[in-house]
Amino acid sequence: MSSYKKKDTIIIKDVTHTYKTETGLLPVIKNLSMSVPENGFTAVVGPSGCGKSTLTKLISGLLQPDEGEVYLSGEKITTPRPTVGMAFQNPVLLEWRSIIKNVMLPLEIVPNKLNSLEKEQRAKQLLSLVGLEGFEQKKPSELSGGMRQRASLCRALVHKPEVLILDEPFGALDAFTREDLWQVMHNLRKEEPFTGILITHDLRESIFLADEVVVLSGRPASKQFFVKVPKSKTPKLESLYSSKSIDMLKSLRKQIEIAQSQQEQNK
Amino acid sequence: MRHILVPLYAIIIFLILWELLVWLNEWPNYKMASPSDIWPAFWKFKGLFFQYGWDTLWRTVVGLFIAVLCGVFLGMIMGFSKVLREAIYPLLVGFNAIPKATVVPIIALMFVGQHDLNTILIAFMISFFPIAVSVSIGLSTLEPEYRDILRSLGASKSLIFWKIALPKTLPEFFGALKVAVTLAFIGTNLMEIVSPHGRGLGALFDSGKTNSDYPLMFAVLIALALLGIGLYYVVVILEKIFAGWAERSTD
């Protein structure tokens, strides 16, 4: 489906990107088109090393595509923009700052009209939303991995970005902590609506969190398959064990296998 | 209280053992001076000790200060640019490999009579290397995600440096500074011992040698140790203030 609506918040249009390495050219993304509507949340899955992280860099403007265009809210992206929030697998909190100061970091960079008290209130409000009330003055090293990732999500959202880019944010967490954070994500979406893209390796995570799951082909990545995920107002973990979900997981699994074997052949 | 008393007892026991060693072996003081010889030696020249001790101290500190400036500058260049690192690093390693004792006479001849300049120069040359290396490693091993977090918000390079790169490198920097302090003292003393008619504790040490005043030489060693300890702890305090976050609490 290369069609897209003009008013979609994230539009990726026929994007091709190639890395120049010492052994020659390495095409990572080829003719990729996809879009995310306003307040939509799309998960992107695909084989390891198929160019998913490159995609996040293209959307955030850290990289420029060789061909094609990326639009955020109708504007073509040529440089990084302060209307983007990012979180990675590594929470990358600054160890010399308290949790609340870490969350406030984007407000020190992005132009805004908040005074220091309002900035603090904004950070506090987000921290309590993810269950970190009372941990504001702690140092990152005093928190568990899951708590650090919660703080990292707050930092990504503190400046009310139009677009949230999540690059495997839960990849390094244990299964139960991960499920806790899925619920946190649902809370955040309800209270702080955002348009988001989630890169993940976890198919259950993709259908539990996203409205749409896009499967990328093996390198060079293009859109191979997508599926819309119907969402209830209050998603429950049990829904993952319904026959509908299981069928969806099976077909996604199949698509990943196809993509993997294609990537093997292209080597 | 314990962490003051335990080291204090250790020092006292060390001095007693030293005194006993000399006394049991009946060593004359030109072989090994005992602690009881050192105090009179110090007292006899106490004016010179304070005057020369000050010379040694300020020369070392100025040399170290220049080493910090140059070391941080070189480290930044090497940390940010791969090409410049490849260009500068071999030169630095080569320069560092030259034993500084061999450079001392060259510098002494180059600026004959300018004792302060000579001494500061050697203190600087001997101590900037670990600082440059640690800063460059600190900067070049900065995880790309740290940079991306700020870059994706449109932060400038200098903002990324001040907000993230610099504070993140501070623990490595202070580790290197502790090494550099000791090295700078070596540099200062090498030059002070060699320079004729110079000043500083090194010169006092040398005059002890020429006049066969062996307890004086030992007293100079102790004075140098005290200065070194003092300067080292100044660095430790600075580290606590600026990079205390890197220390994990153990309780």
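Here is a chat about how the words used for this predicted model connect to its values.

Me: What makes helix 9 of chain B count as largely enclosed by the rest of the structure?

Reply: Start with the cut-off: a residue is buried if 20 or more other C-beta atoms lie within 10 Å of its own. In helix 9 (residues 201-210) of chain B, seven of the ten residues are buried, so the helix is largely enclosed by the rest of the structure.

Me: Which residues of helix 9 of chain B are buried?

Reply: They are B:Leu201, B:Gly202, B:Ala203, B:Leu204, B:Phe205, B:Asp206 and B:Gly208.

Me: And what do the buried residues of helix 9 of chain B pack against?

Reply: Their partners are helix 3 (46-80), helix 8 and helix 10 (214-243), again in chain B. After helix 9 of chain B comes B:Ser212, with a positive phi near 55°.

Me: How many helices and strands does chain B have?

Reply: Ten helices and zero strands. Read from the N terminus, the elements go α-α-α-α-α-α-α-α-α-α. Chain B has 251 residues, and 36% of them count as buried. Its C-alpha trace spans about 75 × 55 × 30 Å along the principal axes.

Me: What makes a set of residues a nonpolar core?

Reply: The members have to be buried, come from a list of residue types that includes Val, Ile and Cys, and be joined through C-beta atoms within 7 Å. The largest core here has 127 residues, and A:Val103, A:Cys154 and B:Ile131 touch the most other members. Helix 6 (residues 115-140) of chain B supplies the largest share, 14 residues. Domain 1 and domain 2 of chain A each put in at least three residues.

Me: What is A:Cys154 in contact with, leaving aside its neighbours within four places in sequence?

Reply: Contact needs C-beta atoms within 7 Å. With those neighbours left aside, A:Cys154 is in contact with A:Val103, A:Ala123, A:Leu126, A:Leu127 and A:Val130.

Me: How do you know which residues belong to domain 1 and domain 2 of chain A?

Reply: The domain assignment gives 1-83 + 163-170 + 197-267 for domain 1 and 87-161 for domain 2. Taken over C-alpha atoms, their centres are 26 Å apart. Nine residues from domain 1 and ten residues from domain 2 take part in the contact between them. On the domain 1 side, six are nonpolar, one is polar and two are charged.

Me: Last one. Why are strand 1 and strand 2 of chain A called a pair?

Reply: Two strands pair if there are at least two bridges between them. Nine bridges join strand 1 (residues 10-21) to strand 2 (residues 24-36) in chain A, so the two strands pair. They run antiparallel, and a hairpin joins them through two residues. For one spot to look at, A:Val15 stands opposite A:Leu32 in strand 2 of chain A.

Notes. Residues are numbered from 1 along each chain as its sequence is written. Chains are lettered from A and ligands numbered from 1 in the order in which they are written. This is a predicted model: local features need pLDDT of at least 70, side-chain atom pairs count only at pLDDT 80 or more; totals for chains, interfaces and linings use all residues. A residue is buried if 20 or more other C-beta atoms lie within 10 Å of its own, exposed if 12 or fewer, and partly exposed in between; C-beta atoms are placed from the backbone. Helices (H or I, at least four residues) and strands (E, at least two) are DSSP runs, numbered from the N terminus. Domain bounds come from an automatic or database domain assignment. Two residues are in contact if their C-beta atoms, placed from the backbone, lie within 7 Å. Ala, Val, Leu, Ile, Met, Phe, Trp, Tyr, Cys and Pro count as nonpolar, Asp, Glu, Lys and Arg as charged, and the others, Gly among them, as polar.
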